[in-house]
Amino acid sequence: MDHKTIYPCVRLAEGELAERVITCGDPARAEKIAELLENPVCLQRNREFHSFSGTWKGVPISVVSHGVGAGGAAIAFESMIKIGAKIIIRVGTCGGMQDGIDAGSIVVATGACRDDGVTERMLPIGYPAVCDYNAVLALDKAVKELGIKCEKGIIMTNALFYAGLTESNVKLYAKAGVKAMENEAAPLFVLGSRYGIKTGCILTVDAKAFELIGPEGYVPDTEKVKTGLENSIVAALNAISSMAL
């Protein structure tokens, strides 16, 4: 009898995911994305890792939540790849780091600064965290076809969400032209390059990165953010369904 390996945390086996996967942090957001698909089904709900599958314009697509933070997200990403994902695009929120990149703005990543606290344990820090070029082109095209502008460039994956007592290097990276800060993309890009799969990331700004000091200052649910997320989700679905495996 053929016993397939069930990968921990995501609780899925090889072949249970589509080869194209949209991933996001929030399980509730993953479910909302799945509701946009044709004939969506829930595959698994375990911890923060909730997975669904369906089709978009006739193309099989899965949606998997990865939770908050690079450590847990890296488990999800590596599991998705081992299960059979060939393209993974992360959809999420971020803090803007440049003038004009404000609440509701959309950012398409080209790569990430590896300040995540996890990937340095995988590979030397000199190994770059870069997106697949075709994913960047597909996301940029999909956003433009919606009649929306987006910023493209390097983002920062930071291990911290709120500021600590030590000096943050966010302002230093901002001086270097980094567009936005989030918490999970760098492991996705590093693992994508390591295993030879295509990865991308499209983000919606919910606040300025410098303004996020503690929980009391985090109020992301504005209409601009909701609209930006809705647009970025549709763009991600259009992009991933158009890409060659």
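A residue is called buried when its relative accessible area is under 20%, exposed when it is over 50%, and partly exposed in between, as computed with a 1.4 Å probe on protein chains only. The model is a predicted one, in which local features need pLDDT of at least 70 and side-chain atom pairs count only at pLDDT 80 or more, whereas totals for chains, interfaces and linings use all residues. Residues are numbered from 1 along each chain as its sequence is written, and side-chain values use heavy atoms, with hydrogens and water left out. Helices (H or I, at least four residues) and strands (E, at least two) are DSSP runs, numbered from the N terminus.

Let us begin with the charged side chains. Side chains of opposite charge can pair when their charged atoms come close. With a salt bridge taken as a side-chain nitrogen of Lys or Arg within 4 Å of a carboxyl oxygen of Asp or Glu, a search of the whole structure finds 9 salt bridges. One of them joins the side chains of Glu 182 and Arg 90, with an N to O distance of 3.0 Å. Because Glu 182 lies in strand 11 (residues 180-182) and Arg 90 in strand 7 (residues 87-96), this pair ties together parts that are 92 residues apart in sequence. Both Glu 182 and Arg 90 are buried, and a network of salt bridges links Arg 90, Glu 182 and Glu 184.

A further salt bridge brings together the side chains of Asp 140 and Lys 152, at 3.5 Å from N to O. Asp 140 belongs to helix 3 (residues 133-145) and Lys 152 to strand 10 (residues 151-158), so that parts 12 residues apart in sequence are tied together by the pair. Asp 140 is buried, its relative accessible area being 10%, whereas Lys 152, at 38% relative accessibility, counts as partly exposed.

Which side chain of opposite charge is nearest to Arg 20, a buried residue that has no salt bridge? Counting Lys and Arg as positive and Asp and Glu as negative, with His and the chain ends not counted, the nearest is Glu 19, 5.5 Å away. Arg 20 is placed in strand 3 (residues 20-24). With contact meaning heavy atoms within 4.5 Å, and leaving aside neighbours within four places in sequence, the residues in contact with Arg 20 include Val 59, Ile 61, Ile 87, Ile 240 and Leu 245.

We turn next to the nonpolar interior. In soluble globular proteins, nonpolar side chains tend to be buried together. A nonpolar core is a set of buried Ala, Val, Leu, Ile, Met, Phe, Trp, Tyr and Cys residues joined through side-chain atoms within 4.5 Å, and the largest such core here has 66 residues, those with the most contacts inside it being Ile 22, Met 80, Ile 88, Ile 89, Ile 155, Phe 189 and Ile 202. Not counting residues up to four places away in sequence, Ile 22 touches residues including Ile 33, Val 63, Ile 89, Val 91, Ala 236 and Leu 237.

Helix 3 can be followed from its start to the residue beyond it. At its start, a side-chain oxygen of Asp 132 reaches to within 3.0 Å of the backbone nitrogen of Asn 134. The buried residues of helix 3 include Ala 135, Leu 139, Asp 140, Ala 142 and Val 143, and among the elements that cover its buried residues are strand 7, strand 8 (106-115), strand 10, strand 12 (198-208) and helix 6 (223-242). Helix 3 is followed by Gly 147, which has a positive phi, near 80°.

Two other positions remain. Asn 39, in strand 4 (residues 38-46), has a positive phi of about 50° although it is not a glycine, and at 67% relative accessibility Asn 39 counts as exposed. Arg 47, found in the loop between strand 4 and strand 5 (49-56), also is not a glycine and has a positive phi of about 50°; Arg 47 is exposed, with a relative accessible area of 65%.

Technical notes: Polar contact = N/O pair within 3.5 Å; in protein donor to acceptor, adjacent residues only side chain to side chain.
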